[in-house]
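I opened this entry to trace strand pairing.

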Amino acid sequence: MKKLVLVLFLAVSSMILGQQNDKILITIDGEEISVGDFKRIYEKNLDAIDNEEAKDVEKNLDLFINYKLKVKEAYQIKLDTLPSYIKEIEGYRNQLSAPYMQDTVFINKLVKDAYFRTKNEIKAKHILIRTPKDATPKDTLEAYQKIMNIRARILKGEDFEAVAEETSEDPSARDDEKSGRKANKGNLGYFSAFKMVYPFEDAAYNTKVGKVSEPFKTRFGYHILKIDSLRASKGEVEVAHILINNQTKNAKKLIDSLYNQLEKDVQFKTLARKFSEDTGSKSKGGKLRQFGTGVMVKSFEDVAFSLQKEGEYSKPFQTPFGWHILQLIKKHPVKTFEEMQDELKSKVKSGDRAQLSEKAVIAKLKKKYTISENENAKTIFENKNIRTIGKDSLQEVLLTINELDIKQEAFVSYIKNRNNAPVYELFNEFKDKEILSYYKENLEKTEPEFAYTLQEYRDGLLLFELMQQKIWEKSSKDTLGLKNHYDTNLSKYKNKEFDKIKGEVMNDYQNTLEEKWITDLRNKSVIEVNNKELKKLIKFYKKE
């Protein structure tokens, strides 16, 4: 019962506080300013105030009124129409709106998924059926049917690798006689997060070990894959190596002699710098960039991860590139989620996953907005020369988002230089872009925090420009006024020479100019303070 009373009390208190914030505190020339507007600015500055006198509500209200009067004048003399101001605001608005274009909950889920997929690597084999870049619906359907038939063969018991070698349109699945490359038969080895395009990675981690996935599409075409195993990631390893090319005469004999020298305590770096034929690493004593699984050829990777102690070196072994000896510099196990969270979030936001977050936002907006398509206007999609249709023939409304009508002309302009997809797919892209654009343009109406922050920046930028014109430039250029101020206040400056205290005099002169300016603004304006609400505010902050 006590909990219920507390919840009801908090709810009622919140309602009362919200109602008080909506009350009018000040009126300046008919413009009403609420209690909430003042509290927002006052409370934001409280942490920076270090003495009780400066926290005085009435003094801060006076400063707030002065601020409002200055900003009002800036708008009156149209400083907000300056090209430099408009450009600055546009840039800041884009920066401020960026987080709203992402679904935070969805991003956090993607980050957690990415950590699991970093900590656990997966081994898979796949088959690819390609689709053209400008695939028609017919091309897409044919590719889909082909991959479905291939999948059916495997489900009936045919060997995945044999079918991959026969049907996959990934060249690595078959032998290449020209290069001498052996077929991988669809085998990809182990990989983890961010190593494949996201749809491929996602399909792999969402398919159970031993199972064949449903067909899925990437920018390359349609795929199916089979998961061989899932294991804890080995992390990354940092090694140095000595390479003797296969083409080198007596390569095996030379690598063995280098190994014998290591056994006699000759430094690894010394031998790498002198004998290694890897031009990229020999000057660094053979040191390579740290790497994880799936980066190097398997034989090289296996030896690198088998080394246990720092400084330990391997016996000579061969890869397609030649003969190697490796030395372990350091092992880098997968970090904790807390240690990797920021890095993963950055990768998620900057990679192809960010589009998924954006799509999540668009999906929510589609449920929220009233969106209609004009089927009659969409008949232009059938015109093969759609990109060359004249503007006069493109004035029919194609799409409506709430009260916003978007004409055919806008869509044709969007696809003018886009030939990478069928028109109907481009229309879906266009529609999503317009929905997101509509949301962005109307953020002030739907997101109060965004509106407040943007308005504060607008006002602050205007005030800076106004102070520049009214005070700072004037004080620096008005040499006569500056000298007169010095002469009038000689006693204050204790007869010190003007040139020696010019900075102090200029600062005082600026304050004098500002005081006169504020007095003038107040004399020209009708200012009314709601004393009843002011007393409530003073009482409220005394309790704090």
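Predicted model: local features only at pLDDT ≥ 70, side-chain atom pairs only at ≥ 80, totals over all residues.

Ten bridges join β7 to strand β9, residues 322-332. The two run antiparallel. For one facing pair I noted Leu 243, which stands opposite His 324 in β9.

Next I looked up the whole sheet. Three strands make it up, in the order β7-β9-β8. The sheet is open and its pairing is antiparallel. Which strands stand at the edges? I found β7 (236-245) and β8 (317-319) there. Each has a single partner strand, so one side of each is left without a neighbour in the sheet.

Then the helices. Helix α9, residues 251-263, packs on the sheet and touches β7 and β9. Its direction makes about 40° with that of β9. Helix α10, residues 268-275, lies across β7 and β9. I read its angle to β7 as about 45°.

I moved on to β6. How many bridges pair strand β3 with strand β6? I counted eleven, in the antiparallel sense, between residues 120-130 of β3 and residues 221-232 of β6. Ile 127 stands opposite Ile 224 in β6.

Strand β5, residues 216-218, also pairs with β6. Three bridges join them, and they run antiparallel. Here Phe 216 stands opposite His 223 in β6. Last, I checked the link between β5 and β6: a hairpin joins them through two residues.

Methods: Residues numbered from 1 in each chain as written. Heavy atoms only, no water. Pairing = 2+ DSSP bridges. Helix = DSSP H or I, 4+ residues; strand = E, 2+ residues; numbered from the N terminus. Contact = heavy atoms within 4.5 Å. Axes fitted to C-alpha atoms, helices over the stretch in contact; angles between N-to-C directions.
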